[in-house]
Amino acid sequence: MNRSRAWIPALLLLIIVMVIGIHFLIFRLRAPGEAVSPAPQAQTFPLADKSRRVFILHSYHHGNLWTDNLQAGIEEAFRRSGLNVETTCFHMDAKRVIPTEAYLDSIRAHLREATRGLSFDAVLACDNDALDFLIRARDELFPGVPLVFTGINDFSPELLRGRNDLTGTGENTEYKKTLELALSLRPKARSVVIVTDGTTTGRAHRHAVSRDLAAFTNRLTFEHLSLADYSMEEALERLSRLDEGAFVLLLQQFKDRTGRNFSMAEGTSLIARRSPVPCFVVNDSRMGFGVVGGHVVSGHEHGKAGAERVLAILRGTPPSKIPYSTEVPERDLFDARALARFEIPESALPKDSLVMNREENLLARYRTEFLTAGVFVALALVFMAFMALEILRRHRTEEALRESETKLRAILRHSRDAIGLSRAQRHTFANPAYVALFGYEDEAALIDRPILELIAPVARERIAEFAARRAAGQGVPPLYETRGLRRDGTEFDMEVSATTVALRDGEHTLVTMRDITERKRSEERLIQSEEKFRSIVESSTLGMYFYEIGSDGRLHLTGANPAADRLTGVPHGPLLGLPIEEAFPGLVGTAFLEFHYQVARGASKPQSFEIPYHDKRFSAYFDAHLSRSGEGKLTVHFSDIAERKRLEREVLHTTRLAAVGELAAGVAHEFNNILSIVRLQSQVLLSGPELLPQRVRRCLEEIDRQATRGGAIVTGMMQSARPSSQLTSPYPVQEVLEEVLALQEKSLALEGVGVTRLFHAAKAACMDRTQLSQVVLNLILNARHAMRPKRGGTLTVATRDLDETLEVRISDTGVGMSEAVRGKLFTPLFMTQGGREEGPHGIKGTGLGLSVCHQLVKNHGGSVSVESMEGVGTTFVVTLPEAPAAASAKPAEGRFG
């Protein structure tokens, strides 16, 4: 035999020995008395054997441990019976849902429809609620069908009196035995807390346990803790206060006083964990959740017992011949973990008790088996040592070859480039990068595969031509780009370098490939970025001009966006290529032009300016920002701030008006003192003897009149300087207008001015009546002055209602005003040329009239504006807030004329 193969028999012998040893160990470790259950075999039924139908009604819900154990026992009995039994199950959910008459009627209606057209050979009722329901509804739902019951708490034989189609099993729960077990394990106990709830099962438990308590009255005191009277938290708090002289008998805890439901596992765990004393139970479904145990009934056994009575009926035995029974197997069952918690030794348990969750010492129990397994392991180690020596010898003979191969493979496998070999256009080698590039699992998936399968269809003809030319010894580009095809069908761009190499078995083509998809994407992203930038520039609301310093050292316009054309009103197309001085001559001679050059050359940081601009094409006020966008390149962003400047002027006007008002108030106060003295002295002189000459008396009377008039003017100035505190009441604005017009109409007629009234306002004004008269009078006087150069005209006074306001418009056909004059019209002390004329008493205007009007209206929450055109006329628009009493009045038509 070849020495290099001498280890093979040893390996086979080792495998046989290990299999025998493992099989022996598994067989011996099986628990004593535990037989290997044969695999379940499919049941076969005679062809003539028809299916039997059984309807199963469960009192509780699927997932309830007791119900699930009942169902498991039923299914096991049917499965082993040899009969073909079809079952239909329905769960009443009577623990989670209160079984009211309405709820039971809905179940009856549901079952009536669900079983319509179906016939059953037997009906099985599980637990009390199901049996109670079927006793009342069976004649309607399952007439004449035998009824079997199982798992009935507090069963009474009176239930069967006079019935020959009814049989089953009841729960003969041994409460007494569980109490005796508890006392044997807790001999010092003097009290027991019995936990139940208000469900059907809970009430049945309480009634049944009461019969067994009399035997313990001399040893124990009893407390019934029903969750029907407590919330779970309150019950847990009560249990947590128990002392060492007590224990708990846990019978039922599904629903508490608040209506919350607790599964058997959840409720049992909560109570067992919170209770400082042991909890005992009478139902094996509660085991494994922290309780100690007890003499328990089994849901699985009750299910089997009920199913066996159904099977007897299916085999032909009438129910009257099948006696009911309460003798279902019970047992003493305990939990080792709970015993350890309360330090109860297993030696104190009754004989034949079953203990679950016990931790056993496997080493001590299976000492012989472990020794036998050790022998087999030792033999295996001997054979493994022999094999190791043989492998070491082979390793040394092959190490040199492997080292040389490792170097080459390391280079190929760790290369980031895809490297492959092909012969006759079929793959003979591929490194990991090559395999990953085309999406295959390993190299084997590519070996002997045609290279054209990895080329996109659009490029295969070109690559096949290159391969043919290479095979013929003709020139082929050493580096080219093409399209690859991955295993999942996706295509990608790749760069290929190919050359011919001579190996031991002939000439091969060596190819090196790189995925250039990302590079292509970068190029596309660059194009997209340029397009995005162009889109931003085109859609921006800011105007943009782009300049570049030319060979002549001057800034030339190279581009602009649509917003620039819109803001300036000048198309940029004809301006492209022009120097900035020619494109925008309004910049020539300004420092702003020099900053363009400084920022473009990098001699200055980006700058922002607010500048007015004017040339023969347009005038505007711009907020401009200069930034360098490259070597010798400049970008100018600008926006129109004319509106903002207007608002700033309005704020400045308001500030100036407030300052003048404060000054006027101070001056008026002092001047009023002087006028008071003048009036007082003139009145003293007038009240003297009649000896004063008539001419002197007339002078004194004129002095008194002018002092009185001056006081009125002073009062008006003081009112315009601060908001009036006078309370106003609603009144129709037309009344004030008529009063003022009545005073001025004769003067207007003498000057050739006609008056037109267009009164459409229905709302009442909310402004001091006297002050509104003052405002209207001032505006009419201004209109008279404006129409004097034309020697007459038309004065139009109109009103209309707006939303929550009313509007008064006073229009004239006078000389009008320029834009510059309109901008300063409400500025204190500003006078038009007409305002410098003397008034009726030979006194020239002061320039305060319109500013006072503006302030009076503003103090009442209104506004005054002006519309004017030179040579055409002027209209003053006074907007007043409506009076609250008139807020609901129907507005007049919202237009003039």
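Q: Hi! Which helix gives the largest share of the nonpolar patch?
A: That's helix 19, residues 642-686, which supplies 3 residues. Helices (H or I, at least four residues) and strands (E, at least two) are DSSP runs, numbered from the N terminus. This is a predicted model, where local features need pLDDT of at least 70 and side-chain atom pairs count only at pLDDT 80 or more, while totals for chains, interfaces and linings use all residues. Residues are numbered from 1 along each chain as its sequence is written, and side-chain values use heavy atoms, leaving out hydrogens and water.

Q: Thanks! Which residues make the nonpolar surface patch?
A: Phe671, Ile674, Val678 and Ile703 make it, and the patch covers about 320 Å². Patch residues have over 30% relative accessible area and no salt bridge; like charges are joined within 9 Å, and nonpolar side chains (Val, Leu, Ile, Met, Phe, Trp, Tyr) within 5 Å. A salt bridge is a side-chain nitrogen of Lys or Arg within 4 Å of a carboxyl oxygen of Asp or Glu. Areas come from the Shrake-Rupley method with a 1.4 Å probe, and for residues only the protein chains shown count as cover.

Q: And why does Phe671 count as partly exposed?
A: Because its relative accessibility is 39%. Buried means under 20% relative accessible area, exposed over 50%, and partly exposed in between (1.4 Å probe, protein chains only). Phe671 lies in helix 19.

Q: New topic: where is Ser353?
A: Ser353 sits in the loop between helix 10 (336-341) and strand 12 (354-356). At 17% relative accessibility, Ser353 is buried.

Q: What does the side chain of Ser353 reach?
A: The backbone oxygen of Pro350, at 2.7 Å. Leaving aside neighbours within four places in sequence, Ser353 is also in contact (heavy atoms within 4.5 Å) with Asp332 and Phe334.

Q: How many disulfides does the structure hold?
A: It holds 0 disulfides, a disulfide being a pair of cysteine sulfur atoms within 2.5 Å. The closest cysteine sulfur to that of Cys89 is in Cys126, 8.0 Å away, so it is too far for a bond.

Q: Is Cys279 buried or exposed?
A: Cys279 is buried, with a relative accessible area of 2%. Cys89, at 33%, is partly exposed.

Q: Last one: how many helices and strands are in the chain?
A: The chain has 24 helices and 29 strands. Of its 897 residues, 41% are buried.

Methods. A polar contact is a pair of N or O atoms within 3.5 Å; within protein, one must be able to donate a hydrogen and the other to accept it, and residues adjacent in sequence count only if both atoms are side-chain atoms.
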